[in-house]
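Please look over the chain below.

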Amino acid sequence: MIEAIGLGYSYPDGTTALDGVDVRIERGERVALLGPNGAGKSTLLQVLGGLIEPDAGSLHYFGETTDADSVRDRLSVLTQNPADYLFNPTVREDLAYGPTQQDAPQRDVDRRVEAIAERLGLSSLLSKPPFRLSGGQQRRAALASALTVDPEVLLLDEPLSNVDAANRSEILDLLAELSNDGITLVTSTPETELLPHLADRVLLLDAGGSVVASGPTREILTDTELLADCNLRPPQVVRLFDGDDPIPLTVEEARRRLDGS
Ligand SMILES: Nc1ncnc2c1ncn2[C@@H]1O[C@H](COP(=O)(O)OP(=O)(O)OP(=O)(O)O)[C@@H](O)[C@H]1O
């Protein structure tokens, strides 16, 4: 779906955010970009989504083109700033904005908006001005607006930050459904705790904006030394069961282990 070779990017003040990054994302994969604060995850996500042009390297989309603009309606990027997506008088209009731009028929737009709003618990907020929503509600509304365009690839920058526990579960369930529907998910996160629910493969970035490891989630999250080199820790349950084989990655897996099933 996306192939990037040798990506480099420095901000105008000279900060190097990405240094020689190679990424290959296959159709239907769930990939996490993991790294400490400042590792370049947001920058990489925006470069992959075509929002920032890299200084070095090459990008190919869908095996067809190097031009992100020409595949804009097949990729949806959710940055960390909900204001990037919420700029209309009402939440309903924000959610309708993308599909309307794609010239989807009005009935189709309404159907998509209602369905996604319902799925993300936003139905009662549709007529509100987005700036009247709470921070967590704004993040959900921004996610909803990224979904109403029906993307093939969804690139999400820390979609669970500033979201309460109930809504986190709701979003995780929704992402699992999207993945089951074949949508490719790329998610950035500085946290290991919920990562097993988000991704099957992890790209680990260090503070210098380089990929230091790439592999199955289990392999990366149980490599305590590798994570420590990037100022990260394994999930608590991994630390608790360290030395077991295989080490459970989630509370559910640990519970099954303790139940002996
Ligand atoms: N607009 C900017 N101008 C200058 N430097 C920037 C800018 N945005 C980010 N940076 C720098 O680029 C580097 C990578 O930042 P980026 O936001 O991509 O990291 P991140 O891994 O997403 O961090 P976090 O987990 O804190 O969100 C950091 O050193 C950051 O200070």
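What follows is a report by region.

## Basis of the model

This is a predicted model: local features need pLDDT of at least 70, side-chain atom pairs count only at pLDDT 80 or more, and totals for chains, interfaces and linings use all residues. Residues are numbered from 1 along each chain as its sequence is written.

UniProt, in an unreviewed entry, places the feature "domain: ABC transporter" at residues 2-232. UniProt positions follow the numbering used here, feature names are shortened, and annotations may be inferred rather than shown by experiment. The span 2-232 is 33% helix and 24% strand, and its end C-alpha atoms lie 27 Å apart. Helices (H or I, at least four residues) and strands (E, at least two) are DSSP runs, numbered from the N terminus.

## The six-stranded sheet

Six strands form an open sheet with mixed pairing, in the order β5-β6-β7-β3-β8-β9. Strands count as paired if DSSP finds at least two bridges between them. β5 (75-78) and β9 (211-216) stand at the edges; each has a single partner strand, so one side of each lacks a neighbour in the sheet. The twist averages 15 degrees from one strand to the next. Angles run from 0 to 180 degrees between N-to-C directions, with axes as lines fitted to C-alpha atoms, for helices over the stretch in contact.

β6 (residues 153-157) and β7 (residues 184-189) run parallel and are joined by five bridges. Here L155 has V186 of β7 as its bridge partner. β3 and β8 also pair in the parallel sense, over four bridges. V31 is bridged to R201 in β8.

Buried means 20 or more other C-beta atoms within 10 Å of a residue's own, exposed 12 or fewer, and partly exposed in between, with C-beta atoms placed from the backbone.

β8 runs antiparallel to β9, with five bridges between them. L205 has V211 of β9 as its bridge partner. The two strands form a hairpin with five residues between them. In the turn, G209 has a positive phi of about 75 degrees.

Which residues come nearest to the ligand? Of the 13 around it, they are Y11, N37, K41, S42 and T43. A residue is near a molecule if its C-beta atom, placed from the backbone, lies within 6 Å of it. The shell has four nonpolar, seven polar and two charged residues. Ala, Val, Leu, Ile, Met, Phe, Trp, Tyr, Cys and Pro count as nonpolar, Asp, Glu, Lys and Arg as charged, and the others, Gly among them, as polar.

Helix α1 (residues 41-48) gives the most to this shell, with three residues. α1 also lies across β3 (30-34), β5, β6, β7 and β8 (201-205). It runs at about 155 degrees to β7.

## P82 and helix α2

P82 sits in the loop between β5 and α2 (91-101). P82 is buried, with 23 other C-beta atoms within 10 Å. Its C-alpha atom is separated by 5.6 Å from that of R139, 57 residues apart along the chain. Leaving out residues up to four places away in sequence, P82 touches Q138, R139, A141 and A142. Contact means C-beta atoms, placed from the backbone, within 7 Å.

The buried residues of α2 are V91, R92, D94, L95, A96, G98 and P99. They pack against α3 (106-119) and α4 (135-147). D103 follows α2 and has a positive phi, near 65 degrees.

Notes. Contact = placed C-beta atoms within 7 Å.
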